[in-house]
Amino acid sequence: MAGADAFFTADTALFLVQALGRTLLMTLIGCSIGLALGGALAVLRGSRAPWLAPARGLAALYIETFRRLPFLVILMLVLFCVQAFAPDLALIGVATIAVTLAASAYLSEIVRAGLESVPQAQRDSAAMLGLSWLDTLRLVMLPQAWGVILPPAAAFMVMFIKDTALASQIGVVELAFAGKILVNKGVSPVLGFGAVLILYALLSWPLGRAAKALETLLENRRGAAHHR
Amino acid sequence: MALLTIADLTAGYGGAPILNGVSLTAARGDIISLIGPSGSGKSTLLRVLMGLTPANGGQVLLDGVAVDYASKPALTALRRRMTMVFQQYNLFQNMTALANVCLAPVRALGVPEAQAEARGRELLARVGLADHLHKYPAQLSGGQQQRVAIARALAMQPDILLLDEVTSALDPERVGEVLDTVRDLAATGITMVIVSHEMAFVREISSAVVMMDAGRVIERGPPAAMFTTPAQPRTQAFMRAIIRH
């Protein structure tokens with residue numbers, strides 16, 4: 001096959017593994033920080049203290065903005081901001097910030113839905129017993145909300161692996177871009193993009209399976225809880 | 001001096017007041033039962049006392065000292081002295097019976113874990129659940145859950161216990177076991193404010209019965225008099241309606 005010699009080399013393998021690493025890095029770091037940030041925003045939006053009202057408004061504005069913007073536009077915005085204020089930051093850093101912004105906005109709504117799924121009566125009980133705000137969140141609300149939060153959050157992360165291909169547009173050599181570079185270098189498109197396809201599958205398949213397993217586990221536990 | 005004094009308490013949203021100037025007192029050891037039609041403000045009164053629903057006006061005094069519901073520390077102090085059992089039990093679904101009972105003493109009162117657990121076991125044994133310590137709420141019957149909720153409230157060692165229709169959500173066969181638990185409690189001399197529709201029980205256990213309607217206290221009296229010879233026409237009508245059933 002044409003270009004096979006150029007493909008089956010240690011350099012190509014290393015090149016693809018590095019690209020895979022960038023895709024993984026952007027997704028994992030962006031979604032992890034995004035989950036933490038999104039969680040904090042969700043908790044803030046669920047607060048009721050009057051003095052937090054302006055912060056609640058800002059959080060809502062942030063979430064609505066980044067949920068409505070296409071990921072490519074977020075990438076460009078971050079790129080231009082970074083170029084203006086921190087021109088030394090690596091492109092992968094720019095892309096990871098963009099992933100964090102998008103993920104935090106989406107995941108925040110998922111966490112919020114999870115927290116809202118816990119009945120108000122549970123909060124009343126915690127208040128009546130004099131539990132602190134943090135204990136109520138940590139020991140009462142979150143343990144009951146995880147079952148609702150985790151499946152869609154995991155599904156979102158698996159989906160977002162594919163969206164990180166857009167980082168190629170600002171020059172991050174992630175998996176999709178790596179395939180294109182290989183083909184431009186003369187590697188057969190079947191081999192080059194075939195490898196990319198397999199690597200994406202290898203990345204998202206186990207994550208998807210893990211999410212599914214988690215969902216089944218939580219569903220069984222909830223199901224068992226409903227039968228006396 | 002009265003342990004608990006409620007003075008001209010009002011609550012509600014907009015044009016529809018739920019509490020319309022309620023005044024009540026309870027001395028230490030009193031068991032006060034609130035009766036009256038649904039929507040008369042009985043449960044709201046308990047929620048306002050706990051600071052779960054805001055009051056619009058009036059005062060609550062503990063040992064003659066007004067409670068400042070706007071202050072977090074005051075609210076925390078209040079909740080160490082007064083606690084509540086809900087109609088729907090509201091146990092923490094993610095915790096075993098024992099964990100439900102031990103959580104607040106450890107986290108809110110700072111009781112050492114081992115001590116809280118020993119006390120939790122004792123309390124659950126007292127409400128007849130020694131064999132169910134490690135079961136989750138969903139694995140327990142309604143009556144068992146309600147008894148866990150009572151044990152959980154007692155773990156706070158409150159001076160005053162508020163019971164909000166604790167048997168209304170239960171299977172008829174389970175009502176007795178919860179009433180037995182409350183009866184045992186009454187014998188310990190704890191002060192209780194009870195909202196209940198179990199009239200025979202109210203009559204038997206109360207030191208005073210308070211008739212409420214439309215967010216007001218209509219009448220207060222000893223149980224025998226309230227059930228047989230109430231003074232107010234509204235109470236008379238209520239009693240007639242109950243007896244017909």
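In which helix of chain A is Ile33(A) found? Ile33(A) belongs to helix H2 of chain A, which covers residues 10-45, where helices (H or I, at least four residues) and strands (E, at least two) are DSSP runs numbered from the N terminus. This is a predicted model, in which local features need pLDDT of at least 70 and side-chain atom pairs count only at pLDDT 80 or more, while totals for chains, interfaces and linings use all residues. Residues are numbered from 1 along each chain as its sequence is written, chains are lettered from A and ligands numbered from 1 in the order in which they are written, and side-chain values use heavy atoms, with hydrogens and water left out.

Ile33(A) has a relative accessible area of 45% and is therefore partly exposed, the term for values between buried (under 20%) and exposed (over 50%), with a 1.4 Å probe and protein chains only. Together with Leu24(A), Leu25(A), Leu28(A), Ile29(A) and Leu37(A), Ile33(A) forms a nonpolar patch on the surface, with about 470 Å² of accessible area together. Such areas come from the Shrake-Rupley method with a 1.4 Å probe, and for residues only the protein chains shown count as cover. Patches are made of residues with over 30% relative accessible area and no salt bridge, like charges being joined within 9 Å and nonpolar side chains (Val, Leu, Ile, Met, Phe, Trp, Tyr) within 5 Å; a salt bridge is a side-chain nitrogen of Lys or Arg within 4 Å of a carboxyl oxygen of Asp or Glu.

Ile29(A), one of the patch residues, is also in contact (heavy atoms within 4.5 Å) with Thr96(A), which touches Met26(A) and Gly30(A) as well, leaving aside neighbours within four places in sequence. Thr96(A) lies in helix H5, residues 91-116 of chain A, and counts as buried because its relative accessibility is 12%.

Asp135(A) is buried, with a relative accessible area of 4%, and its side chain makes a polar contact of 2.9 Å with the side chain of Arg107(B). A polar contact is a pair of N or O atoms within 3.5 Å; within protein, one must be able to donate a hydrogen and the other to accept it, and residues adjacent in sequence count only if both atoms are side-chain atoms.

Chain B itself has nine helices and ten strands, and 52% of its 245 residues count as buried.
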